[in-house]
Amino acid sequence: MKTFGKGFVVGVGATLGALAGCVYYFKKTVVDPIEEREAVLDEHRKRALRKSRSAHQG
């Protein structure tokens, strides 16, 4: 019974580790590029707004 408990704990730990690795990989490959792209587009939008306002000043 002692080895079963150790094996169970190791198995649960390995499963949680694999799950955490999958979540981290998904975030790095899917979520972060989308957020970076949104930040770039937001910066372009701000720059275009400033440029259009300065073009109509005088």
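**Figure 1. The salt bridge between Asp32 and Lys27.** In this predicted model, Asp32 pairs with Lys27 through a salt bridge, and their closest N and O atoms are 3.0 Å apart. The term salt bridge is used here for a side-chain nitrogen of Lys or Arg within 4 Å of a carboxyl oxygen of Asp or Glu. Asp32 is buried, at a relative accessible area of 13%, whereas Lys27 is partly exposed at 42%. For these labels, buried means under 20% relative accessible area, exposed means over 50%, and partly exposed is in between (1.4 Å probe, protein chains only). A search of the whole structure turns up four salt bridges. A word on the model: it is predicted, so local features need pLDDT of at least 70 and side-chain atom pairs count only at pLDDT 80 or more, while totals for chains, interfaces and linings use all residues. Residues are numbered from 1 along each chain as its sequence is written, and side-chain values use heavy atoms, with hydrogens and water left out.

**Figure 2. Asp42 with its partners Arg45 and Lys46.** Start at Asp42, which is partly exposed at 31% relative accessibility. Arg45 forms a salt bridge with Asp42, with 3.4 Å between the closest N and O atoms. Both of these residues belong to helix H1 (residues 2–55), three residues apart, or about one turn of the helix. Helices here are DSSP runs (H or I, at least four residues), numbered from the N terminus. Arg45 counts as exposed, with 54% relative accessibility. Asp42 also meets the side chain of Lys46 in a salt bridge, at 3.8 Å from N to O. Asp42 and Lys46 are four residues apart in H1, again about one turn. Lys46 is partly exposed, at 44% relative accessibility. Elsewhere, salt bridges that share partners join Lys27, Lys28 and Asp32 into one network.

**Figure 3. Helix H1 and its bend at Lys27.** H1 has 54 residues and spans 78 Å from its first C-alpha to its last, close to the 80 Å expected at 1.5 Å a residue. That expected span is 1.5 Å times one less than the number of residues. Where does H1 bend? The helix bends by about 35° at Lys27, the bend being the angle between axes fitted to the seven residues ending at a residue and the seven starting there.

**Figure 4. The aromatic pair of Phe4 and Phe8.** By the ring rule, the count comes to one aromatic pair. The rings of Phe4 and Phe8 have centres 6.2 Å apart and planes at 25°, so this pair is stacked. Under that rule, rings of Phe, Tyr and Trp (its six-membered ring) pair if their centres lie within 6.5 Å; planes under 30 degrees apart are stacked, over 60 edge-to-face and the rest tilted. Phe4 and Phe8 sit four residues apart in H1, about one turn of the helix. Phe4 and Phe8 are both exposed.

**Figure 5. A nonpolar patch on the surface.** Met1, Phe4, Phe8, Val9, Val12, Leu16, Leu19 and Val23 make up this patch, with about 900 Å² of accessible area together. Patch members have over 30% relative accessible area and no salt bridge; nonpolar side chains (Val, Leu, Ile, Met, Phe, Trp, Tyr) are joined within 5 Å, and like charges within 9 Å. Accessible areas come from the Shrake-Rupley method with a 1.4 Å probe, and for residues only the protein chains shown count as cover. Val12 is placed in H1 and is partly exposed, at a relative accessible area of 36%.

Conventions:
Helix = DSSP H or I, 4+ residues; strand = E, 2+ residues; numbered from the N terminus.
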